[in-house]
Amino acid sequence: MKKLSLIFCLILAVAFTCRAQEANQVQEVPVQEAAVQEQEVQDSQVMSEEFMPKGEWQIGGQFGYGNLGNENTEVFLVINPLDFKAAGLIIAPFVTWTYKENRTLGLRVNFMQGQMNLDGMTVDLLNEGLQFSVSDIKGNVRSIGGAIYHRSYYRLDRRGRLGAICEFSLGYTNSRSSFSSDPSVYTNTNKFKLAFSPGLMVFLMKKVSLGLTISMADLYYTSATCMKNGERTGYRNKSGLRMGVDLAGINIAVAFHL
């Protein structure tokens, strides 16, 4: 009787152990599946996070400086000798508001100051009778303008540090330029422009980004008036559609996100 009781107890123990192992295996499978599903949900949430959250503000500026000299004009074989220097500084502060995820509206103000010194130039059109020379010409140009722009952002990585930019802007610029020592003679220019500028943005830190945009197409209208002693001596206007990369329309900006 004791042997039967012992055998019965052993069978119960083995059965209980097997049952427990089966239960653990049954629980393990759902737990593993749940973990995989949770990871998939987290990954999808990461990928679906917006690059620019709604309600965010950006403040920053675009800065540029360039100079031009003799070494940049070797292709102009008909101008010889040519001795001149030109330089320009551009400052463009801006403010942007994200009215919808990945959609922003912004306002940008542009200031530009440039100077040119032409000490001497001889134009030779490869014909003995078609030559002329000029010397000692100094010029400067100042401009101020503004633009409103709309940007769409497209996230390019999981961490949300890199994104593509699609920008459309409508701007106006007024400039005054003179090429003489006489301050009463100058040219006043007004320009309207609708431009398309794609680009890239990368977050250097959590709240600091660096953006690059390149003007690829613009529809413009320009009017220029030559003035002397307060009276108009000449007038010209021009309009058109430009397609392709504009080297003067490459802008690098630093933005702080609030």
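1. A nonpolar core is a set of buried Ala, Val, Leu, Ile, Met, Phe, Trp, Tyr and Cys residues joined through side-chain atoms within 4.5 Å. Buried denotes a relative accessible area under 20%, exposed one over 50%, and partly exposed the range in between, with a 1.4 Å probe and protein chains only. In this structure the largest such core has six residues: F51, M52, Y153, I165, M201 and F203.

2. The structure is a predicted model, in which local features need pLDDT of at least 70 and side-chain atom pairs count only at pLDDT 80 or more, while totals for chains, interfaces and linings use all residues. Residues are numbered from 1 along each chain as its sequence is written, and side-chain values use heavy atoms, with hydrogens and water left out.

3. The protein has one helix and 10 strands, and along the sequence these follow the pattern α-β-β-β-β-β-β-β-β-β-β. Helices (H or I, at least four residues) and strands (E, at least two) are DSSP runs, numbered from the N terminus.

4. Strand 6 deserves attention for its pairings. Two strands are said to pair if DSSP finds at least two bridges between them. Strand 5 (residues 162–178) and strand 6 (residues 185–205) are antiparallel partners over 16 bridges, and S177 stands opposite T187 in strand 6.

5. Strand 6 also pairs with strand 8 (residues 217–228), in the antiparallel sense and over 12 bridges; here F192 stands opposite Y221 in strand 8. With strand 7 (residues 208–214), strand 6 forms six bridges, again antiparallel. A hairpin through two residues joins strand 6 to strand 7, and F203 stands opposite S209 in strand 7.

6. N102 lies in the loop between strand 2 (79–100) and strand 3 (103–124). N102 has a positive phi of about 65° although it is not a glycine. Is N102 buried or exposed? N102 is buried, with a relative accessible area of 10%.

7. Among contacts with a separation of 6 or more, 63% involve residues 24 or more positions apart. The protein exposes about 17,500 Å², of which carbon and sulfur atoms supply 62%; accessible areas come from the Shrake-Rupley method with a 1.4 Å probe, and for residues only the protein chains shown count as cover.

Technical notes: Contact means heavy atoms within 4.5 Å.
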